[in-house]
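Me: I'd like to walk through this model by asking about its parts in turn. Could you show it to me?

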Amino acid sequence: MSFLLKSPVPRIDQVGVEERANTFKKRSIKNEAKALGLKMTVSMMDLTTLEGADTKGKVSRLCRKARQPMASRYDCPPCGAVCVYPIQVAHAVKELEGTPIPVASVATGFPSGQYPLKLRLADVKGAVQSGAREIDMVISRGTFLEGKLAEVSDEISAVKAVCGDAHLKVIFETGELQTYDHVRLVSQLAIEAGGDFIKTSTGKVSPAATLPVTLVMLETVRDHFLETGRKIGVKPAGGIRTAKEALQYLAMVSETLGDDWLTPELFRFGASSLLGDVELQLAKLIEGNYQSADYFSNS
Amino acid sequence: MNKKKHHLNFGSAFDYAPAPETTPVDLKKQYELFINGEFVAPESGRYFNSTNPATGKQLSRIAKAEASDVDLAVKSARRAYEKVWGPMAPSERGKYLFRIARLIQEKSRELAILESMDGGKPIKESRDIDLPLVAAHFFYYAGWADKLTFAFPGRAPSPIGVAAQVIPWNFPLLMAAWKMAPALACGNTVVIKPAETTSITAMHLAEIFQEADLPAGVVNIITGAGDTGTALVEHDGIDKIAFTGSTDVGKKIAQSVAGSTKKLTLELGGKAANIVFDDAPIEQAVEGVINGIYFNQGHVCCAGSRLLVQESIHDDFVERLTRRLATLRVGDPLDKNTDVGAINSKAQLKRIKALIETGKDEGAELHESSCAIPDDGFWCRPSFFTGVTPSHRIAREEIFGPVLSILTFRTPAEAVTLANDTCYGLSAGVWTDKGSKIFSIADQLKAGVIWANTFNRFDPTSPFGGYKESGFGREGGLQGLAAYLKQDHC
């Protein structure tokens with residue numbers, strides 16, 4: 001490989017990283033820590049709809065849910081962002097007017113990325129012009145697996161250039177890259193190419209986000225910060241459906257990157273069905289017993 | 001050292017609330033001796049205190065066995081060996097062991113809690129490591145009971161007789177299982193002495209033996225300190241001694257059996273080298289080093305207490321270790337989020353502190369976790385020394401606490417020389433992404449167990465034991481059977 005990164009890319013031992021990630025499943029998060037974690041989870045959630053069947057009506061519902069996920073007595077914060085396809089961005093922006101909630105748009109030929117760069121950049125430009133403040137791009141996994149790292153890097157830089165002020169999240173689709181060595185390498189590459197956030201998955205490929213994959217990304221971000229002082233965000237997306245899992249991710253962030261990353265500016269969950277379980281658990285903590293799911297609105 | 005200017009802050013944005021284990025346990029005010037299937041008071045009527053090391057407060061009172069009690073226990077074991085357990089069909093012996101294993105699984109939560117209360121180890125470890133392994137050892141050796149002729153082809157394996165077993169305080173139940181399960185599977189009967197600071201769970205194991213209807217006298221448990229142990233290993237009625245503990249005591253036992261027909265296996269101290277090469281998976285190596293030395297507060301005979309790190313990555317590695325040290329949670333052993341618990345006893349804490357002072361006096365640099373530690377009880381912050389050379393005392397003597405000594409090497413050959421530069425040889429670790437290097441280094445290390453890209457992994461199928469002053473004989477696996485069998489030719 002002739003392509004050189006500025007920072008070294010350490011090797012990852014699969015057994016070891018999975019074992020380490022498993023230790024976060026054993027953290028026991030109770031009472032006030034749980035309430036804090038659940039609220040944090042909501043505030044970090046990119047509430048997402050990415051369906052062929054998305055309509056303005058569906059996006060409106062989602063935006064309303066993001067503004068106020070639960071009845072006010074639960075003191076639940078709004079979601080971190082609403083994430084939609086480019087065609088729905090303008091409508092979502094209108095729906096979220098007057099709130100600080102940004103609209104994130106997937107772009108660059110999401111989810112496959114198998115389009116000419118020119119079209120992918122136009123996709124980004126369109127989304128930004130429609131008002132997206134965050135762009136979730138997909139890398140060309142094919143190009144990466146062909147070993148053309150410079151090309152992947154150039155693509156990310158090109159997308160970054162057309163993002164303007166919008167934050168760039170770089171989606172790796174780790175379920176397709178498969179090895180932890182690939183995850184560490186592509187994380188470093190995306191960071192050096194200008195990504196503001198690195199993101200595991202599109203949610204369209206299984207497995208999507210996992211604890212060990214996210215841990216490798218967090219460690220890359222940590223090493224980059226210690227080297228340069230630049231803070232990169234991390235977004236596990238897809239497959240996180242329960243409050244319990246979300247708390248495991250937060251424990252992992254807390255013990256790997258520390259306090260500074262426990263904020264929506266630097267950590268997000270990409271999820272469409274996680275919110276429901278978080279609501280149930282939060283209500284249980286406050287009311288003292290579990291409520292019927294019927295008492296909570298769908299998004 | 002090249003200190004970087006950017007820092008991470010830990011622990012205040014998402015502080016875990018206390019999560020104590022609250023399952024009620026049947027902790028008794030007083031524990032008796034277990035002889036001939038019954039709980040009996042010591043003839044002298046004397047008891048000693050057992051302390052909770054996390055609080056320094058008395059937990060219970062334990063019977064002190066004198067020579068006369070030991071004599072009763074050995075005679076009971078002899079009777080059971082000759083009349084019941086020895087002649088019993090091996091498949092029947094296996095059934096008892098399977099039953100014991102299942103009962104241990106059923107009661108594992110209670111046993112784990114008692115183990116943590118009495119010994120100071122985090123509930124996370126007693127629950128997820130000690131107890132599952134205790135049950136696994138009984139299951140594993142239960143399976144061997146009626147297959148011994150297959151284990152040693154061409155031989156006629158038969159039991160040795162009465163086994164005297166003396167075990168340490170670092171893994172009380174697990175060491176009991178390591179010793180008892182193979183002895184019983186091979187048809188021997190047992191007199192076992194737990195360590196005086198951690199006798200409680202052994203007595204709960206005795207209750208399980210009663211519940212399993214294990215015939216009277218097959219296992220006898222006598223409690224007490226060193227003099228009780230001496231009375232046991234010097235008793236004329238025993239055929240075999242298995243000891244795990246300090247090298248000093250091991251040497252005395254070896255002297256005392258000289259000239260007798262008693263068979264002996266010893267599992268003694270260690271000063272394991274954990275070798276990290278520059279091509280290691282670095283983040284996993286950091287975890288392995290942490291696990292290698294801070295697991296069970298470093299009270300582990302095979303602990304990776306000497307880190308040999310390649311000089312070219314020393315500074316980076318130390319920085320990573322420092323950061324990781326900052327996130328270790330030290331405190332209440334019964335809290336499910338505790339990573340490092342209490343030091344087992346006041347005496348052990350004193351010994352650890354003395355060696356830490358020696359390290360400082362000899363010019364090594366101490367790096368301590370900045371964690372808060374409780375006021376009462378016996379506590380030692382996890383720490384490591386840099387600037388250690390092979391001639392430092394902290395590089396040679398077993399500290400048996402959460403204290404790591406870091407040395408450097410330049411080449412693979414030098415790593416091997418340094419790793420073997422010790423009177424011990426129980427375990428070692430090798431960290432490299434290169435498979436061929438793992439094998440070539442492992443071949444040259446003089447240690448009984450060598451882990452590659454992992455550390456402190458245990459399994460009943462795998463033999464465990466030492467070179468040099470770490471002892472002789474193997475426990476675990478098929479090899480572990482050999483210590484409890486006569487192997488006459490067919």
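The questions below go through the chain contact, a helix, the cores and the domains.

Reply: Happy to, with some ground rules: residues are numbered from 1 along each chain as its sequence is written, and chains are lettered from A and ligands numbered from 1 in the order in which they are written. This is a predicted model, where local features need pLDDT of at least 70 and side-chain atom pairs count only at pLDDT 80 or more, while totals for chains, interfaces and linings use all residues.

Me: Which helix gives the largest share of the side of chain A that touches chain B?
Reply: Here 31 residues of chain A are in contact with 25 residues of chain B, contact being C-beta atoms, placed from the backbone, within 7 Å. Helices α1 (14-23), α2 (31-43), α10 (211-228) and α11 (243-256) of chain A each supply at least two residues of that side; helices (H or I, at least four residues) and strands (E, at least two) are DSSP runs, numbered from the N terminus. The largest share, five residues, comes from α2(A).

Me: What covers the buried residues of α12(A)?
Reply: Helix α12 of chain A spans residues 274-287. Its buried residues (20 or more other C-beta atoms within 10 Å of their own, C-beta atoms being placed from the backbone) include A:L274, A:L275, A:V278 and A:L282. The cover over the buried residues includes α2, β1 (45-48), α11 and β8 (269-271) of chain A.

Me: Which residues have the most contacts inside the largest nonpolar core?
Reply: A nonpolar core is a set of buried Ala, Val, Leu, Ile, Met, Phe, Trp, Tyr and Cys residues joined through C-beta atoms within 7 Å. The largest has 97 residues, and apart from it lies another core, of 87 residues, with B:I100 and B:C186 among them. Those with the most contacts inside the largest core are A:V82, A:V103, A:I135 and A:V170.

Me: How far apart are the C-alpha centres of the two domains, domain 1 and domain 2 of chain B?
Reply: Chain B is divided into domain 1 (30-268 + 468-489) and domain 2 (273-452), with bounds from an automatic or database domain assignment. Their C-alpha centres lie apart by 30 Å.

Me: Which elements give two or more residues to the side of domain 1 of chain B that touches domain 2 of chain B?
Reply: Across this boundary, 20 residues of domain 1 of chain B are in contact with 26 residues of domain 2 of chain B. The elements giving two or more residues to the domain 1 side are α3 (108-119) and α4 (123-144) of chain B.

Technical notes
Two residues are in contact if their C-beta atoms, placed from the backbone, lie within 7 Å. The expected span of a helix is 1.5 Å times one less than its number of residues. A residue is buried if 20 or more other C-beta atoms lie within 10 Å of its own, exposed if 12 or fewer, and partly exposed in between; C-beta atoms are placed from the backbone.
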